[in-house]
Amino acid sequence: MAPPSGIDTSHIKAAAQKDFFELLLGVRGKKVLVLDKSLSGPLGSFLKFSALQEHGVDKIFWLEDGVADATQKNIVFLVRCNSKNAYAIAEHVKKNSKIPGQDFEYTVLFVPRRTLVCEKILEDEGVLGDVTIGEFPLHFLALEPDLLSLELDDSFEELYLRKDYTSIFYSARALMSIQRRYGLFPRIIGKGDCARRLADALIRMRSEEDASDSNLFALTPSSILGELIVVDRESDMVTPLLTQLTYEGLIDETIGIHNSKVELDAALVGPPQQQQQGGTQPSSSSAAAPASSQKQKRPVVLSSEDKLFENLRDTNFAIVGNLLNKVARRLNDDYEVRHQAKTVSEIREFVSKLGGLQQEHQSLRLHTGLAEEIMKHTRSDIFNKILEVQQSRPPQLYLNIFPIGASPQPLTSAKFWSQTVENLLQWGIKEPRDNILTPPRWIADLAAGVDPSSQHDAIEELIARNAPVEAVLRLICIESLVGQGLKPKDLENFKREILQAYGYHHVLTLDALEKLQLLQSRTTIVASGVARTSYSNLRKVLKLIVDEVNEHNPDDIAYVYSGYAPLSIRLVQCIIQKPLMTATTKGRRGEDGLNAGVNAGAGGWRGFEDVLKSIKGKTFDEFQRGEDKALRARNILNGQNEKKVTVVFFVGGCTFTEIAALRFIGKREEGRRQILIGTTAIINGNKMMRAAMA
């Protein structure tokens with residue numbers, strides 16, 4: 001058997017689909033599916049409504065809306081396991097019991113597991129005897145071949161505000177499923193208190209597997225897997241608070257990406273049949289009709305299956321125009337070939353390529369429209385004022401695709417195509433390159449101890465102009481985190497202005513931000529004695545601020561924020577790019593950074609012990625070993641792979657810019673390792689602020 005080249009994440013979708021269909025087949029006959037809305041996106045990544053119909057699902061209703069037309073005897077509830085859903089199920093059962101002449105059979109499937117708390121609620125509500133309880137162990141979702149997510153949207157709030165560590169348990173179970181398939185991670189390395197909890201949970205689960213002795217080879221060090229690097233979100237809160245500047249990151253910031261889907265105007269998306277290819281979300285058309293405003297929106301899947309998006313997603317938005325420009329030129333040239341086709345064979349060759357050209361054309365149309373939607377936000381004074389505060393210079397992003405006021409025309413319109421090509425061919429930066437995106441000097445100044453009050457007037461102006469409260473809170477939290485707290489007088493002033501401008505209900509928001517340790521005064525931090533991440537110590541040591549960044553041909557991960565290198569990814573580099581980081585920190589760079597005076601084979605945190613003291617949370621480096629005989633047997637079966645798979649897992653969530661930075665590292669390390677990214681959820685600064693508002 002040939003040695004596997006890495007981890008194939010497609011089996012995760014196949015396994016989830018198989019498990020769910022088996023659960024449905026366990027309920028005989030036609031059935032109604034009552035679905036938790038938060039599960040519609042995750043289920044849509046691997047299920048189609050037509051497949052559900054083949055397995056007996058007649059209609060789908062949302063749990064929040066109730067069962068409007070219970071035409072079938074069997075009702076299946078598929079919900080996340082929480083108390084709110086348990087009470088909702090009990091209410092449904094009690095309401096249906098009042099319908100004369102109706103006898104329903106209820107099956108409740110909790111995701112990802114059933115708990116005693118939910119069962120107790122059903123018992124107290126008097127419906128436990130009327131339902132059959134099961135569980136659907138849905139953990140990792142393969143959003144991309146190199147990206148796995150648990151899609152636990154509330155994990156940040158639960159971990160750091162509510163101190164509910166359930167998502168750590170789910171993360172450990174998900175990672176254990178990888179270990180059962182490929183063997184143990186030889187080494188678990190990480191930073192942060194929640195990361196330590198996850199490592200402990202994995203080690204405990206491994207010992208439980210050893211006790212059961214279910215598989216001789218499953219729990220021996222893998223010949224495929226390398227390190228498991230666990231990054232705690234709490235060790236670097238600043239990175240997600242900054243405005244993401246990659247193409248995918250800005251889509252998430254301005255429009256919002258949920259489960260790899262984005263809701264766009266139907267006129268922008270194109271013909272309905274285009275979306276049927278990626279329309280895997282279970283249809284709920286049989287349920288209550290959606291609002292008329294929602295009919296104007298259509299979900300679009302953003303994934304690597306779209307080759308144009310794959311090329312654009314991780315680039316800095318400043319160069320997206322040039323990339324689309326090149327695609328437009330090439331497509332225009334390809335279409336012009338039809339005029340040169342004279343023989344039958346030449347015409348046949350062009351016709352054979354026509355389908356692919358039309359698909360690329362549609363993709364180009366979609367992304368030019370998406371970029372225009374983004375520009376509606378980036379052209380605004382509010383957006384530029386926010387970046388001005390972060391960067392201490394007003395950035396200018398001019399990317400014009402369609403004339404102002406113009407709307408995209410149908411795909412078949414020759415006028416639209418010629419207009420798109422003309423605009424893209426002329427699309428460029430209208431201002432000098434030096435003024436496009438400058439390094440975030442405010443953060444550098446804060447880390448250097450410079451008085452931040454120079455930007456307070458700008459923040460107060462944003463409040464006076466009624467800028468989104470999330471944006472204002474993000475800026476104030478950045479100052480608090482980087483500057484080791486705010487001066488008490490400044491903090492009280494900001495609190496007063498926020499309450500007066502946005503409403504006194506935000507007293508609870510400000511209190512939650514203090515509990516999250518995102519917004520604190522310096523006196524509170526000193527009195528608490530709790531160690532916090534010191535960006536002033538790390539700024540130069542890890543070179544978090546890079547003054548000169550080439551977005552067109554980047555040579556450092558700092559391009560994702562136009563000058564700021566995410567601390568979380570710098571920590572990953574300290575492990576897998578140790579010679580390069582040692583050269584960076586000590587200022588000695590040889591060819592490929594390899595003459596930095598460090599052993600290239602040194603693993604773990606070795607060489608960066610002093611750096612880690614400036615970062616919040618526990619540091620750990622655990623080895624997992626197995627029996628020599630079992631290890632040799634696994635190596636014989638799977639072969640020895642020189643190119644290992646390094647898994648980087650984020651506890652508490654990660655941003656699209658951090659994913660882009662890891663992919664950048666992965667390309668540099670392609671000959672030595674494959675990087676697989678895992679996370680509890682995809683987050684951004686707005687989601688963090690909304691967690692405090694909940």
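Tyr-561 is buried, at a relative accessible area of 3%, where buried stands for under 20%, exposed for over 50% and partly exposed for values in between (1.4 Å probe, protein chains only). Tyr-564 is likewise buried, with 1% relative accessibility. This is a predicted model, in which local features need pLDDT of at least 70 and side-chain atom pairs count only at pLDDT 80 or more, while totals for chains, interfaces and linings use all residues. Residues are numbered from 1 along each chain as its sequence is written, and side-chain values use heavy atoms, with hydrogens and water left out.

**Aromatic pairs and ring contacts**

- The structure has 10 aromatic pairs, counted when ring centres of Phe, Tyr or Trp (its six-membered ring) lie within 6.5 Å; planes under 30 degrees apart are stacked, those over 60 edge-to-face and the rest tilted.
- Tyr-247 and Phe-317 form a stacked pair, because their planes stand at 0° with the ring centres 6.2 Å apart.
- Tyr-247 belongs to helix 10 (residues 247-254) and Phe-317 to the loop between helix 14 (307-312) and helix 15 (320-336), so this pair ties together parts that are 70 residues apart in sequence.
- Tyr-561 and Tyr-564 make an edge-to-face pair, with 5.7 Å from centre to centre and 65° between the planes.
- One aromatic cluster is formed by Phe-77, Phe-104 and Tyr-106.
- Arg-197 sits over the face of Tyr-165, at 3.9 Å from the ring centre; such a placement requires NZ of Lys or CZ of Arg within 6 Å of the ring centre and within 35 degrees of the ring normal.

**Helix 10**

- Helices are DSSP runs (H or I, at least four residues), as are strands (E, at least two), and they are numbered from the N terminus.
- Helix 10 is mostly covered, with eight of its eight residues buried.
- Among these buried residues are the charged side chains Glu-248, Asp-252 and Glu-253.
- Gly-256 follows helix 10 and has a positive phi, near 105°.

**Leu-366 in helix 16**

- Leu-366 lies in helix 16 (residues 344-378) and is buried, with a relative accessible area of 8%.
- Beyond residues up to four places away in sequence, Leu-366 touches Leu-264 and Val-300, a contact being heavy atoms within 4.5 Å.
- Between Leu-366 and Val-300 there are 66 residues of sequence separation, and their C-alpha atoms are 9.5 Å apart.

- Six cavities of 30 Å³ or more are present; a cavity is a set of points, on a 1 Å grid over the protein atoms alone, where a 1.4 Å probe fits but cannot get out, and lining residues have an atom within 4 Å of a point.
- Grid points are joined across faces, edges and corners, and volume is the space filled by probe spheres set on the points.
- The largest cavity has a volume of about 110 Å³, and its lining includes Glu-234, Asp-236, Arg-532, Tyr-535 and Lys-616.
- That lining divides into four nonpolar, three polar and four charged residues, where Ala, Val, Leu, Ile, Met, Phe, Trp, Tyr, Cys and Pro count as nonpolar, Asp, Glu, Lys and Arg as charged, and the others, Gly among them, as polar.
- The second largest cavity has a volume of about 60 Å³, and the residues that line it include Pro-42, Arg-80, His-139 and Tyr-170.
- Seven nonpolar residues, one polar and one charged make up the lining of the second largest cavity.

Technical notes:
1 Å grid on protein atoms, 1.4 Å probe; cavity = no way out; pocket = protein on both sides within 12 Å on 5 of 7 lines; lining within 4 Å.
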